[in-house]
Amino acid sequence: MTASPPGPATPAPLFEQAAIAGVGLIGGSVALGLRQRLLARRVTGYDADVQVLQEAQALGVVDDVRATPGEWLRACDLVVLAAPMRALAPLARDLAPFLSPTALVTDVGSVKAGIAAELEALGVRNFVPGHPMAGSERGGVTHARAALLENAVWVLTPTDHTPLTALSRVRTLVEHLGAAPVVMPPDAHDGLVATVSHLPYLASLALTHLVARDERLSLLAAGGFRDLTRVASGDPRMSRDMVVENRAALRNALARFRRQLERLEADLDQPEELLAAAQEGKRTRDSLPVVKRSLLPPKHDLVVAVPDQPNQIGAVTQALGAAGVNIKDIEVLAIREEGGAIRLGLESVEDVRRASEILNAAGFEVRGRG
Ligand SMILES: NC(=O)C1=CN([C@@H]2O[C@H](COP(=O)(O)OP(=O)(O)OC[C@H]3O[C@@H](n4cnc5c(N)ncnc54)[C@H](O)[C@@H]3O)[C@@H](O)[C@H]2O)C=CC1
Ligand SMILES: O=C(O)C(=O)Cc1ccc(O)cc1
């Protein structure tokens, strides 16, 4: 990659020697972020699976690899625990005897109260529980990208025992990885993700079960159904572990969800009530923030409506290329909701103005976006 990464400038690496324990989708993405943004002088990958380590090294995700915990860990001033939920506590127990007392330790697990208590019990002093709210249904190091973490909310859940200096250092790390730290207690985090992450996962399972084994239903399951059930494609074991770990908070969210469904069912006989619910749903969904992720800083955006015809994206890029307007970033926006649109990241306000003129003249509808 040749482009300079976004985020605050880093005069010197924040860390001398980082260890990523569990070099999968998230661990690999953190490793790539550390390397590409020059945040650590050296990044070592540790994983239970030797093949993963070979892949991580071949892909340039880490500088070197280790297949067993050991004395090498004492030299690490940053340790990121990024194994699946169920392996996090055993992993911490394996590594704890070798950690330097001054090492900053954090994790990326999807549920926080258990691991926070576990590390406290192990006496790991500088531990800051964390959870990047970014991911994908495709796991593994081959899908890791530094850009995955860009602009993501990254929740940090210190306990009463977390040293403030450790919290502040992890906050700095998260910011330098291009993400946005948000601090809250572990229990509060677990309650919130039960609603926004774990309940949608169970709901997507319930929906997919409704169409299973009926070819006519799968045939008719169109875009909306696919959108709504995407997370059901996540790794089954990983997802199962995540929801089981958070089952207390999830039961609460499920009870509230059932009440919502019952209310909507009752509203089927009250069309005005149902309309109000539909309008409220649209307002809420439309106002959800769009997280911009790209390899380059999205600075000056232009949204172009693209008709559903062959080679329309080609026509846009050709018209701009011919006029010397450099497209730094391109993203296909929600096709079904906006009738087909792409977002172009351009270099300057002047480029946005020129591109608008060129594309308008070519018959495209455009809209600048800040
Ligand atoms: N997948 C996602 O979208 C997100 C996942 N998370 C959390 O991040 C963590 C990792 O998830 P992914 O990167 O998606 O998983 P992944 O499956 O892509 O990677 C996990 C890696 O950990 C390794 N591993 C398993 N047991 C281990 C052990 N005992 N010691 C060392 N390495 C071990 C595996 O070999 C694998 O390479 C999980 O705790 C998950 O809850 C957090 C945010 C998003
Ligand atoms: O695929 C997606 O969009 C996700 O939301 C994935 C995800 C899975 C687990 C997390 O703890 C956080 C995010």
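The model is predicted, so local features need pLDDT of at least 70, side-chain atom pairs count only at pLDDT 80 or more, and totals for chains, interfaces and linings use all residues. Residues are numbered from 1 along each chain as its sequence is written, while chains are lettered from A and ligands numbered from 1 in the order in which they are written. The average pLDDT (the predictor's confidence in each residue, from 0 to 100) is 91 for the chain, and 91% of the residues score at least 70. For the complex, the predictor gives an ipTM of 0.98 and a pTM of 0.80.

An open sheet of 6 strands, with parallel pairing, has the order 3-2-1-4-5-6. Its edges are strand 3 (64-66) and strand 6 (127-128), each pairing on one side only. Strands here are DSSP runs of E, at least two residues, and helices are runs of H or I, at least four, numbered from the N terminus; two strands pair if DSSP finds at least two bridges between them. Strand 1 (residues 15-21) is joined in the parallel sense to strand 4 (residues 78-81) over 4 bridges, and Ile 20 stands opposite Val 80 in strand 4.

Helix 1 (residues 25-36) lies across strand 1, strand 2 (40-46) and strand 4, at about 160° to strand 2. Helix 3 (residues 85-95) lies across strand 1, strand 4 and strand 5 (104-107), at about 150° to strand 4. Contact means C-beta atoms, placed from the backbone, within 7 Å; axes are lines fitted to C-alpha atoms, for helices over the stretch in contact, and angles run from 0 to 180 degrees between N-to-C directions.

Ligand 2 is surrounded by Ser 110, Met 133, Gly 135, Ser 136, Glu 137, Ser 197 and Val 231, where a residue is near if its C-beta atom, placed from the backbone, lies within 6 Å. This shell divides into 2 nonpolar, 4 polar and 1 charged; Ala, Val, Leu, Ile, Met, Phe, Trp, Tyr, Cys and Pro count as nonpolar, Asp, Glu, Lys and Arg as charged, and the others, Gly among them, as polar.

How values were computed: Two residues are in contact if their C-beta atoms, placed from the backbone, lie within 7 Å.
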